[in-house]
Amino acid sequence: MAQINVIGKNGGRSIDLDLPEVNPHVLHEVVTWQLAGRRRGTASTKTRAQVSKTGKKMFSQKGTGNARHGDRSVPTFVGGGVAFGPKPRSYSYTLPRKVRQLGLAMALADRQNTGKLTAVDGFDLDGKTKSFINWAAQNGLDGSERVLIVTDDELTRRAARNVAWATVLPVAGLNAYDILRHERLVIDAVALEPAQELEIVPFEGTEGNVQEGASL
């Protein structure tokens, strides 16, 4: 049972959270699933039937001394079609819900085990970047680590989104991959309440340092 101290305007308490033991294999499975879902899958090549070449036979079948050939669209010639080349497709696949939940819980456990998980109840910021920098300095965030800010407080997200070393997400966007690629996690305390179930889905698209799309 992990005990997480809560800071902030309404802090001064702790949350008891039952986190699993970290299993790198499960984390790898979840992160691979997430990244597969983000792939655009737009790579495309032309087959021998799609390239712009004449279908006329190059030369006579016999008597020239050359190897026998048909038309120039075959893959053996420069400018010809591609054999077994990629075509647009989806790379996403289904991962069991329990595995997704377990992976997210393990990512949280990894940050808790290393002392890099901070729960906040009430940031009390005014939406200005300067106020976030001051708040971060007071709570040991000096920019030497990449920080993931997960909160539904719009003013806090607005204040932190222009900070180079911070990435902001709504609570609905919490996911294992972003937790693991940042050294520190700062999250709304309400998102860690034991009564809430954690689940992630692949999401795509970023705007600056703001990412949205996964869900709890």
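Me: What relative accessibility does Glu 154 have?

Reply: This is a predicted model in which local features need a pLDDT of at least 70 and side-chain atom pairs count only at pLDDT 80 or more, whereas totals for chains, interfaces and linings use all residues. Residues are numbered from 1 along each chain as its sequence is written, and side-chain values use heavy atoms, with hydrogens and water left out. On a scale where buried means under 20% relative accessible area, exposed over 50% and partly exposed in between (1.4 Å probe, protein chains only), Glu 154 counts as partly exposed, its relative accessibility being 39%.

Me: With which residue does Arg 157 form a salt bridge?

Reply: A salt bridge is taken here as a side-chain nitrogen of Lys or Arg within 4 Å of a carboxyl oxygen of Asp or Glu. The closest N and O atoms of the pair are 3.0 Å apart, and the partner is Glu 154.

Me: How many residues apart in sequence are the parts that Asp 71 and Arg 48 tie together?

Reply: The closest N and O atoms of the salt bridge between Asp 71 and Arg 48 are 3.6 Å apart. Both residues lie in the loop between helix 1 (24–38) and helix 2 (97–113), so the pair ties together parts whose separation in sequence is 23 residues.

Me: Which side chain meets that of Arg 111 in a salt bridge?

Reply: Arg 111 counts as buried, at 8% relative accessibility. Its partner is partly exposed, with a relative accessible area of 22%, and the two side chains meet at 2.5 Å, N to O, the partner being Asp 110.

Me: Which residues are linked in a network of salt bridges?

Reply: A search of the whole structure finds eight salt bridges. The residues linked in a network of such bridges are Arg 38, Asp 178 and Arg 181.

Me: How are the rings of Phe 123 and Trp 135 placed, stacked or tilted?

Reply: Rings of Phe, Tyr and Trp (its six-membered ring) pair if their centres lie within 6.5 Å, and planes under 30 degrees apart count as stacked, over 60 as edge-to-face and the rest as tilted. A search of the whole structure finds three aromatic pairs. The centres of the Phe 123 and Trp 135 rings are 5.1 Å apart and their planes stand at 50°, so this pair is tilted.

Me: What is the angle between the planes of Phe 132 and Trp 135?

Reply: Both residues lie in helix 3, three residues apart, about one turn of the helix. Phe 132 is buried with a relative accessible area of 0%, and Trp 135 counts as buried at 9%. Their aromatic pair is stacked, 6.2 Å centre to centre, and the angle between the planes is 25°.

Me: Over the ring of which residue does the charged end of Arg 39 sit?

Reply: A charge sits over a ring if NZ of Lys or CZ of Arg is within 6 Å of the ring centre and within 35 degrees of the ring normal. Arg 72 lies over the face of Phe 77, at 5.6 Å from the ring centre. The charged end of Arg 39 is 3.5 Å from the centre of its ring, which belongs to Tyr 91.

Me: Which residue in strand 6 stands opposite Val 120?

Reply: Both faces of strand 3 are covered, with Leu 117 and Ala 119 on one side and Thr 118 and Val 120 on the other all buried. Two strands pair if DSSP finds at least two bridges between them, and four bridges join strand 3 to strand 6 (residues 184–188), the two running parallel. Opposite Val 120 stands Asp 188.
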